[in-house]
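Please take a moment to look over the chain below before reading on. The paragraphs that follow begin with one position, widen to the whole, and then visit a few further places along the chain.

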Amino acid sequence: MSRHCYSVDLGKSPVKPHYFHRQVAWPVYAWKAILPSVLKDNLDILQKLILSFAKINKLKDATTLYELGLSKELVQTVKRSCISYGYLDTDSRLTDSGNKLLMNSMNIEQDMLMNYEHVYIFRDALTGDIIPNFNVSEIPREERKEYDFILEESKSYRNLKPTFVDIGQALKRRKQINKFAETIQKDYANEEVEAEQFSDLDEMDLSVEEVDWESVNDEGMVDVPTLAEKEAAEEKKVGEGKTTVKIISNKPDKIFLSANIYIDPDMPERIGITSPFGEHEDDWFTKHMLMHIRKSESLKDIVEFFMEEAKEELKDKFPFNNHLEIELFNKYPFIANYDEWQPLRTHIEATTRAYNRLIQGHEDYDTFYMRAQRTLEGVLKYSIEKLPNKMEVMKPVTKYSFKDTIKSIAEELRIEIPANFESSAFYERLLQVSRGKGISSKDRSLFLAFDAFYKGDESPSLLLLRNVPDFYKRINLITNIRNKSTHYNEETIENENFEFLKRELDILLDSLISHYLISRS
């Protein structure tokens, strides 16, 4: 399945060691572009105007400012801000720091016209969207590498030159990613943050709005814009940014970037993609992979193959489709994942649903008791099937010595076997169990005592009964309460003990699975 191709490694995000992952070559179109150098101007246009007037000693006579349409209140507001920053003294004279800042601001305007930096604008070759990363100024030399999957480009995007709107949207997304990453890093210092928060980037706008002087009204108060006004202003900013980016290449370079497709075992039904750039774009690449799957049958086949491969690798370690959050499946994932255990899995899930209904206030106790009984029967059936040489177990036993044998087993193994198990009627039923027949939980569970007694350390039954000496008391608890509620319809049954019975059932299931099934799964 793996193939070689020439690709570029830009420092992709690392994959956590317990993730199941494969190498992916992701195609992109790289366009050469120039951007103005990022030069920080600490003065806004009104502050610059006030300081310029102060430099020529015209600030005290604000008539010219008023003629420019600036209100008295607005002029006073800007002056107070300049004084608070130390650009003006209390007599509205330009300070040395204010003069230096004003001169630097004039130089910045000139520099912004002259200084540019070269960057690459990357268009995703799968979906055609601009990738929100603008930090690559030089592409390393391509190297021939082996990949598990090489994704195919959609050639319709090859010569599609990025527009200013495309780039503006990608710049906005980059700003959101940066702000969100900063927020996450700060939150991690105080509390745990859910990974799913990264999936909300589409709905979240985390940009911090700065107050500009155009929002100060005639009374010197800040006008709070409406949501519609904010959106209109944002669109205006994108439109005004047409001179900030210039594509200088006539056609793009097609390159493959090194990435990973992975599955987090905690969420085995979801795929993830590590960003080839390694700068918090994992969520962006994952979403675009899922978008393209809807259009590309070949990519869909790749992802389905990867999912099957991951399931085969992880099914002994992590439960798939554990929607009911059954702890037993977390502990023994093979029960949840393998077809061999489908009947037992179905019984466990049905019991859990019946139990959940009781927790929610539905008083259907009999259904829960019936489900618990069927689950116990199921796990005992599997346990008996895993025992070798079952026919040999009952050969030393006769119907007439059955009761005495039961007592000898209890004394020898130091376990408690209740009196209702001593009936000679069990003898014929245990013979059926040894032949692979029989359906009663009591019959199957009692057979384990004979198996432990006659096989000794050769059988897991001995270890089970030593670890759970009240094993038969727990069996009685489940089978008897079910029998009472079904056959006798007694209103005196303590239905409020269903939570205790569920705990006892879980102990029995855990013990039987760990002793008979896990080592032989």
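In this predicted model, threonine 286 belongs to helix H7, which covers residues 282–293. The residue has a relative accessible area of 12%, and because buried means under 20%, threonine 286 counts as buried. When its neighbours within four places in sequence are left aside, threonine 286 is in contact with Ile271, Gly272 and Ile273.

Seen as a whole, the protein chain contains 19 helices and eight strands, and of its 521 residues, 45% are buried. Among contacts between residues at least 6 apart in sequence, 74% join residues that are at least 24 apart. The chain exposes about 29500 Å², with carbon and sulfur atoms supplying 48% of that area.

Not counting residues up to four places away in sequence, leucine 430 touches Met394, Phe402, Asp443, Leu446, Phe447 and Phe450. One of these, phenylalanine 447, is 17 residues apart from leucine 430 along the chain, and the C-alpha atoms of the two are separated by 6.1 Å.

Glutamate 308, which lies in helix H8 (residues 297–314), has a relative accessible area of 56%, and since exposed means over 50%, glutamate 308 is classed as exposed. Together with Glu297, Asp301 and Glu304, Glu308 forms a negative surface patch.

Most residues other than glycine have a negative phi. Glutamate 325, however, has a positive phi of about 55° although it is not a glycine, and glutamate 325 sits in the loop between H8 and helix H9 (327–331). With a relative accessibility of 66%, glutamate 325 counts as exposed. Arginine 414 likewise has a positive phi, near 60°, in a residue other than glycine, and arginine 414 is found in the loop between helix H14 (402–413) and H15. Arginine 414 is exposed, its relative accessible area being 75%.

How values were computed
Residues numbered from 1 in each chain as written. Predicted model: local features only at pLDDT ≥ 70, side-chain atom pairs only at ≥ 80, totals over all residues. Heavy atoms only, no water. Helix = DSSP H or I, 4+ residues; strand = E, 2+ residues; numbered from the N terminus. Buried < 20%, exposed > 50% of the residue type's maximum accessible area, 1.4 Å probe, protein only. Contact = heavy atoms within 4.5 Å. Areas by Shrake-Rupley, 256 points an atom, 1.4 Å probe, with all protein chains shown as cover. Patch = residues over 30% accessible without salt bridge, like charges linked within 9 Å, V, L, I, M, F, W, Y side chains within 5 Å. Salt bridge = Lys/Arg side-chain N within 4 Å of Asp/Glu carboxyl O. Lys, Arg positive; Asp, Glu negative; His and termini not counted. Charge placed at Lys NZ, Arg CZ, Asp CG, Glu CD.
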